[in-house]
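Please find below a colleague's note on the structure shown here.

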Amino acid sequence: MPTAKLHITLPEDVWISEVSTAHPDAEFRVLAAFPAEDTGVGLLEISADDLPAVVAAMDEREDITRLDLQQASEESALVEFETTAPLLLFSVQESGLPLELPFTIRDGRASVELTASRDRLSAFTTQLRAFGMEFDVEYVREMINSESLLTQRQRELLHTAVEEGYYDTPRECSLTELAEVAGVAKSTASETLHRVEEKIVKEYVDG
């Protein structure tokens, strides 16, 4: 199942976009977010040089219906809020994709990481466009399930090889040393690792 990291440009007229753009040094870390009836509720950790100004800017927004300052220090504040414009939440809800928390918003852009099937990722990006949000994809990585891909014997030797530094650059142990630690013949270690590498590489390329 692939994991993707997206950088989403939020619409300019949305509160979080306007507030974060007006305070580009501020970082909004979304710790919790869930949809309510026609609104969205969230918990933000805000870091900024001028925290009072950022919180005041949020409080002045008409699309922020509730704002509770949970705790604050000179460097950060924890804020619970409710908004009538939770576009990211609506996009997630429509695509049926679980949003991984926390994620950050800075200067009008949200950076999110998602793990889901390619169909659900595609549905999510379709919903982003439907709500007027452009995005850049930093990466899409296929998660390889070694439990089903490799036998127990292969996994054990692979873990030993990693722990002993066989795959370090430069190598911390030779194939002979690895075989001695694993308690197998050198030829067996060589053949087993070759099969492991073949499976992992082919799974990665096919994915």
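The numbered points below begin with the overall fold and then turn to individual salt bridges.

1. The model is predicted, and the remarks on local features should be read accordingly. The protein has eight helices and eight strands. Of its 207 residues, 40% count as buried.

2. The accessible surface of the protein comes to about 11900 Å². Carbon and sulfur atoms account for 47% of that surface. As for contacts between residues at least 6 apart in sequence, 65% join residues at least 24 apart.

3. How many salt bridges does a search of the whole structure find? The search finds 10. By way of background, side chains of opposite charge can pair when their charged atoms come close.

4. E45 and R29 form a salt bridge in which the closest N and O atoms are 3.5 Å apart. The pair links distant parts of the chain, with E45 in strand β3 (residues 40–47) and R29 in strand β2 (residues 27–35), 16 residues apart. E45 has a relative accessibility of 28% and therefore counts as partly exposed. R29, at 31% relative accessibility, also counts as partly exposed.

5. A salt bridge joins R66 to E82, and here the closest N and O atoms are 3.6 Å apart. R66 lies in strand β4 (residues 64–72) and E82 in strand β5 (residues 76–83), so this pair ties together parts that are 16 residues apart in sequence.

6. R66, D68, E80 and E82 are linked in a network of salt bridges.

7. D136 and R109 meet through their side chains in a salt bridge, with an N to O distance of 3.4 Å. Because D136 lies in strand β8 (residues 134–142) and R109 in strand β7 (residues 109–115), the pair ties together parts that are 27 residues apart in sequence. The relative accessibility of D136 is 43%, so D136 counts as partly exposed. R109 has a value of 30% and likewise counts as partly exposed.

Methods
Residues are numbered from 1 along each chain as its sequence is written. This is a predicted model: local features need pLDDT of at least 70, side-chain atom pairs count only at pLDDT 80 or more; totals for chains, interfaces and linings use all residues. Side-chain values use heavy atoms; hydrogens and water are left out. A salt bridge is a side-chain nitrogen of Lys or Arg within 4 Å of a carboxyl oxygen of Asp or Glu. Helices (H or I, at least four residues) and strands (E, at least two) are DSSP runs, numbered from the N terminus. Buried means under 20% relative accessible area, exposed over 50%, partly exposed in between (1.4 Å probe, protein chains only). Contact means heavy atoms within 4.5 Å. Accessible areas come from the Shrake-Rupley method with a 1.4 Å probe; for residues, only the protein chains shown count as cover.
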